[in-house]
Amino acid sequence: MRKSIENLGISEELRGYAWDRPPVEPINGVRVSVSDLNGFCPTRRDIYLKYVLKEKPQVNAYMLRGLACHKVIRETITALKKAVYSGCESGEEIIDNFYGDVSIPEKICGDIGVKPDYCIRLYRVLVIQAAAKVDEVLSKYPDADAENIVGLAFPPFMERKIDGSPVGLSKNLSLDVFTPHSIIMDFKTGVEKYEHMLSLTGYALALEADDETDINFGFVIYIRFGRSVQFVQKEFVVGDELRREFIEVRDEIAELIESGIDPGKPAQCPKYCSFSGVCNEGSC
Ligand code: SF4
């Protein structure tokens, strides 16, 4: 990957910190969320409904499961880091303390209102992976203290807050994982979509604007629940082509909202659109 960035190069004028001049500079005062970039609607009527008519999307079971998985990842890793700081400093101790105690996923799923089975599986895989990672660190650095174990075995930033407003995005973005190596990550539980790279590109520009730093690599991690829980990694360079495409989609959405014009329905609506109750029941 590092080689490909050397070869491709990333234009300075497409970095987020060039937010005060075109093409990165927003075209109007509209600010949208990153998820708007990968909406389901082919005509972007979902954007019109959400921002112009102020309709609320109907939350479906897939969205709730995705939300629960995100919370399980965040809270499990936070709890594991705290445990290491409190003296739980080997893989064996982590397994002993966490593997059988599934209160974290059970509470999250209870609060959200989904069955806990998927989340318990995800939780246990995270615990096993953390235990293995801690032991790996200890075998390489036997004298490592808690600070070093946490720093080397866990991602440094979970749900990193970002102000995306300089690049036309929401003021309160939350990125799944940010590492100090100019790498950002996003977890997904649904099907693989090209637009997921586009939304991660949005996060990259927002971070570049917020921190005045270079973000060069993106990882979309798809969580798959088969016979085992798998993390399928899609890695990419946040290159010029993706950056231009992000800006184009962002501007298209900003224009649509500013115009207030209904773009109409597509010939066929995707099955799981969260606005189907609005569009197909005569309310607009
Ligand atoms: S229901 Fe159809 S028209 Fe309405 S937002 Fe969804 S995809 Fe678009």
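1. By class, the shell around the ligand has seven nonpolar, one polar and three charged residues (Ala, Val, Leu, Ile, Met, Phe, Trp, Tyr, Cys and Pro count as nonpolar, Asp, Glu, Lys and Arg as charged, and the others, Gly among them, as polar). The model is predicted: local features need pLDDT of at least 70, side-chain atom pairs count only at pLDDT 80 or more, and totals for chains, interfaces and linings use all residues. Residues are numbered from 1 along each chain as its sequence is written, and side-chain values use heavy atoms, with hydrogens and water left out.

2. The residues surrounding the ligand are Cys41, Arg45, Asp46, Lys265, Pro266, Cys269, Pro270, Cys273, Phe275, Ser276 and Cys279 (near means that a heavy atom of the residue lies within 4 Å). Two or more of these residues come from each of α2 (45-52) and α10 (276-279) (helices are DSSP runs of H or I, at least four residues, numbered from the N terminus).

3. Helices α8 (residues 194-211) and α9 (residues 240-259) have axes that come within 9 Å and cross at roughly 90° (axes are lines fitted to C-alpha atoms over the stretch in contact, with angles from 0 to 180 degrees between N-to-C directions). Therefore α8 is roughly perpendicular to α9 (65 to 115 degrees).

4. In the contact of α8 with α9 there are seven nonpolar, two polar and three charged residues (contact means heavy atoms within 4.5 Å).

5. Pro22 and Pro23 are joined by a cis peptide bond, with omega about 5°. Pro23 is found in the loop between α1 (2-8) and α2.

6. Arg44, a residue other than glycine, has a positive phi near 65°. Arg44 is placed in the loop between α1 and α2.

Definitions and conventions: Parallel < 35°, antiparallel > 145°, perpendicular 65-115°, else oblique.
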